[in-house]
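Work through the exercises below with the sequence and the structure open. Each task is followed by a solution in steps.

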Amino acid sequence: MLEKKNFHVFRNGDRHFLFLTVPVALFTVDAETWGVLRRVLAGEPLDAAGQARWQEASDFAERFVARARPAQPVRGPQDITDKVVAAYLFVCQECNLKCAYCYGNEGEYGKRGRMSEDVMNAAFERFFAGGDGKHYVTFFGGEPLMNFPLMEKTAALADNYREQGKADIRLCIVTNGTLYNEKIDAFFRQHISDVTFSLDGPKALNDAQRVAKSGASVHDQAADNIRRLTDEAPFGWSFRSIVTRSGCDQVEDIYRHLETFRPGGIGIVDVDVPKDSPLHIDDAQYRRFLEQIVAVNRRGLASILEGEAPVAFEYPFYILYYFVSRSHALYHCNAGTNLVAVTAEGDVYPCHRFVGTPEFNMGNVADPDLKQSERYTAIRRQFIESTVDARPGCSDCWARYLCGGSCAKYAFAEHGSIAPPVARHCQYIQTIVEELLPDLVAVMEEPAQRRKLIDRLGEAVRGGEADTRAMGAAHVA
């Protein structure tokens, strides 16, 4: 008989659905079968007719699983080597903005400073000198362009590594877009592979949250610079927008405004602040936020099927990709496995979100034996072993393989452990599955459309090389 953790039933409008967790499949069912399966999940007793219907549904599921192509994990513990595929370099722990929601203390992360060439060289030597293929370096801060001279030296070193056959290093950047000159423009076009711009939507909304220390309008300055930098740009680029209480009913406006820049992707996420913060989104507001996210991504899905370029690359696009390719996500991202963050002083953390959290300081790049140290390997092991099948609260969730678990940093902040899921993340993923997967049912029945959908979704999730989830899908080393 079907295990409860391996199926789920839900309604969407007047339609009833059965979702199978293994391998990954969705079926329409009649209302009676749906009702019986709901009672099974709730642990309610069944009459004779219900028992017969339950047996029939279980037999159907078992036959399907027996003949279906098994789902393959995108990346499992056995695929992870000691190779660091990607690193965030905190080249500047200073910022010219003071964003209301900044989790990094205005980009300083408790230790204001700028990365030296010695630290940068040491980071390359520790992580990229093995001659083992492609790597990704993301310039991060604070505002990384405030240490532009080091970025130039980093690009020169990356070129040197490539010429010597040590490593093929692609350079990415996360920037607020407020700094621009001809040298920066030329640098982006010559050296940068992918850019993530931080902008929170229309002028009034953005400037209420993203405040320049100089008092100038962040939106106007950033918007002008972004348009100049991305004009006929040879690199991929996207937006990252934070929604707070004041903007939780304006997702559509944010999306439409950012869409006018014609980006490759738009990431719209809710703010990560304590519940007593005036920026916090309460439960009712969060439900409205999710409704808008669903609507925006539903249009993004339609654009894929119509042959247009989708630009709403939220978690839904990963979920849909995992579904149509029948893949299993065992991890939320690459944090701590083949992704690290290096601070201005050379301290190493599992990702940019953990910087400044003492429990996750993995050591320093000045240590030639860093990757063999007990602390480094022990922290990595935590993350490697933290698959959805091992995480309490995830291992018995019906949506686990379309999710990969919630962010480890969010989990640690809420629970003091990287393992348990975060309730809102679960709500987000399960809502997206129930709202968007039914839109795929008809499409999946047509082989040509199915192939097109897989190809286009693959392009979408791999569109931003700087995104850690995308790297998880594209690189299994």
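**Exercise 1: A helix pair**

Helix H3 (residues 117-128) packs with helix H4 (residues 148-163) at an angle of about 30 degrees, and their axes are 10 Å apart. The model is a predicted one.

Task: Classify the relative direction of H3 and H4, state the hand of the crossing, and list the residues that make the contact.

Solution. 
- Step 1. Two packed helices are described by the angle between their axes and the distance between the axes.
- Step 2. The angle here is about 30 degrees, and angles under 35 degrees count as roughly parallel. H3 and H4 are therefore roughly parallel to each other.
- Step 3. The crossing in which H3 passes H4 is right-handed.
- Step 4. From H3, the contact is made by Glu-117, Met-120, Asn-121, Phe-124, Glu-125 and Phe-128. H4 contributes Leu-150, Lys-153, Thr-154, Leu-157, Ala-158 and Tyr-161.

**Exercise 2: An open sheet**

Task: Give the order of the three strands in the open sheet, find which strands stand at the edges, and name the helix that packs on the sheet.

Solution. 
- Step 1. Strands of a sheet pair through backbone hydrogen bonds, either parallel or antiparallel.
- Step 2. The order is E1-E2-E3, with antiparallel pairing.
- Step 3. Strand E1 (7-12) and E3 each have a single partner strand, so one side of each is left without a neighbour in the sheet; these two are the edge strands.
- Step 4. From one strand to the next, the twist averages 25 degrees.
- Step 5. Six bridges connect E1 and E2 in the antiparallel sense. Arg-11 is placed opposite His-16 in E2.
- Step 6. Helix H2 (residues 48-67) packs on this sheet and touches E1, E2 and E3. The direction of H2 makes about 145 degrees with that of E3.

**Exercise 3: Backbone exceptions in loops**

Task: Which peptide bond is cis, and where are Glu-106 and Arg-262 found?

Solution. 
- Step 1. Most residues other than glycine have a negative phi, and most peptide bonds are trans.
- Step 2. The bond from Val-22 to Pro-23 is cis, with omega near 5 degrees. Pro-23 lies in the loop between strand E2 (15-20) and strand E3 (25-29).
- Step 3. Glu-106 has a positive phi, near 55 degrees. Its place is the loop between strand E5 (86-93) and strand E6 (113-114). Glu-106 counts as partly exposed because its relative accessibility is 33%.
- Step 4. Arg-262 has a positive phi, near 60 degrees. This residue is in the loop between helix H8 (251-259) and strand E11 (266-270). At 70% relative accessibility, Arg-262 is classed as exposed, since the cut-off for exposed is over 50%.

Key: Residues numbered from 1 in each chain as written. Predicted model: local features only at pLDDT ≥ 70, side-chain atom pairs only at ≥ 80, totals over all residues. Heavy atoms only, no water. Helix = DSSP H or I, 4+ residues; strand = E, 2+ residues; numbered from the N terminus. Buried < 20%, exposed > 50% of the residue type's maximum accessible area, 1.4 Å probe, protein only. Pairing = 2+ DSSP bridges. Axes fitted to C-alpha atoms, helices over the stretch in contact; angles between N-to-C directions. Contact = heavy atoms within 4.5 Å. Parallel < 35°, antiparallel > 145°, perpendicular 65-115°, else oblique. Left-handed = near helix turned anticlockwise from the far one by under 90°.
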